[in-house]
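Please examine the sequence and the model displayed below.

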Amino acid sequence: MNIFVTGGAGYIGSATAEALIKAGHSVTVYDSLVTGHREAVPAGADFIHASLDDNQALAEALASKKFDAVMHFAAFIEAGESMKDPGRFFRNNFANSLQLMDTAVQSGIRKMVFSSTAAVYRSSEEPLTEDSPIGPTNVYGHTKLMTEQALEWYRSIFGLHYAVLRYFNACGALPGRGEAHQPESHLIPRVLQIALGQAESANIFGTDYPTPDGTCIRDYIHIADLVSAHILALGALETRDKMTYNVGSGNGFSVREVIEAARAVTGHAIPVVEMPRRAGDSARLVATPERIQKELGWQPQFTNMQDILSSAWEWHKTHPHGYSK
Ligand SMILES: NC(=O)c1ccc[n+]([C@@H]2O[C@H](COP(=O)([O-])OP(=O)(O)OC[C@H]3O[C@@H](n4cnc5c(N)ncnc54)[C@H](O)[C@@H]3O)[C@@H](O)[C@H]2O)c1
């Protein structure tokens, strides 16, 4: 298939683009490099350096060949930032997604895989199924929810088949490919930067949550497992016109547990600073991934925090400055 990958210079998009190429697909990456890295675009992919808000560039790109599917990763991802500058998130994550959907259907494309998030759910003590109550606690999650809802209209009006993948916390690394957000706010790369001597201490935002150790609990999903979910979802779009799946391991780890595991893997003390809660964070987001397991036969391979951290540590040790030399 010819696949158009927005955000394919980013962490998850570039790993998926590489897997698509290995599986024999032809990939065009469309990325503004606002947070991504040219070096992350896999060899063998065509690369278009442009933003989704450039209507003309987008229309030309989508008309440049006959694409079979769009995989839409491009977005701003910092939930905390979305609470300070909501308009920037509504524009890039929602308005630009609409532009992409319009241009895609005008170009005759009828398949889209969309990167959504666990942040669409209301915080819950219980593991989250796809039927759990929706209720984003931050603007970022709301922009993804709005895009999910728009996709359903584009399905019913234009016949656009879609797969919504609600990722939990993406983490870990593949050979030569890892997390390199700038600024980095994700917990695992942050603590590994401390182990590398690039930062002094890790902030723990909130120690009074109703969880066993008072810190937030998250479901961590390894990048290799996220990639395999995309390949399966893309295949399923041949016969199914809509899918929404949680993509999480089903295992919850608290902030303190992740830091403890990082101490064990790196041998570094990893000092922490306890801070007040951060706006928009919820106490617990853990997946029930049964639906994607049952319907697509997906199975996460990385369910152990030490294995996840070991793969991430390998990437950070060998790429201490990410993709830059
Ligand atoms: N990382 C996670 O834990 C996580 C969790 C849930 C969902 N997601 C979603 O997965 C997707 C990928 O996340 P990531 O961690 O790889 O982030 P990332 O920042 O590494 O990648 C995003 C990519 O999108 C590009 N981009 C952003 N706006 C663009 C625009 N207007 N035009 C063209 N390119 C643009 C960036 O340059 C970057 O290469 C995002 O949609 C994110 O919301 C990520």
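Predicted model: local features only at pLDDT ≥ 70, side-chain atom pairs only at ≥ 80, totals over all residues.

Residues are numbered from 1 along each chain as its sequence is written.

Strand 9 comprises residues 217–222; helices (H or I, at least four residues) and strands (E, at least two) are DSSP runs numbered from the N terminus. A residue is buried if 20 or more other C-beta atoms, placed from the backbone, lie within 10 Å of its own. Because six of the six residues of strand 9 are buried, the strand is largely enclosed by the rest of the structure. Ile-217, Asp-219 and Ile-221 cover one side, and Arg-218, Tyr-220 and His-222 the other.

Two strands pair if DSSP finds at least two bridges between them. Strand 7 (residues 169–171) runs parallel to strand 9, joined by three bridges, and Asn-169 stands opposite Tyr-220. Strand 11 (residues 252–254) pairs with strand 9 in the antiparallel sense over three bridges, with Gly-252 as the bridge partner of Asp-219. Strand 13 (residues 284–285) is parallel to strand 9 through two bridges, and there Arg-284 stands opposite Ile-217.

Strand 7 also contributes to the ligand shell: this strand, helix 1 (11–22), helix 4 (86–106) and strand 5 (111–117) each supply at least two residues. The largest share, three residues, comes from helix 1. In total, 28 residues surround the ligand, the closest being Gly-7, Gly-10, Gly-36, Ala-75 and Ala-170; a residue is near a molecule if its C-beta atom, placed from the backbone, lies within 6 Å of it.

Methods: Buried ≥ 20, exposed ≤ 12 C-beta atoms within 10 Å, placed from the backbone.
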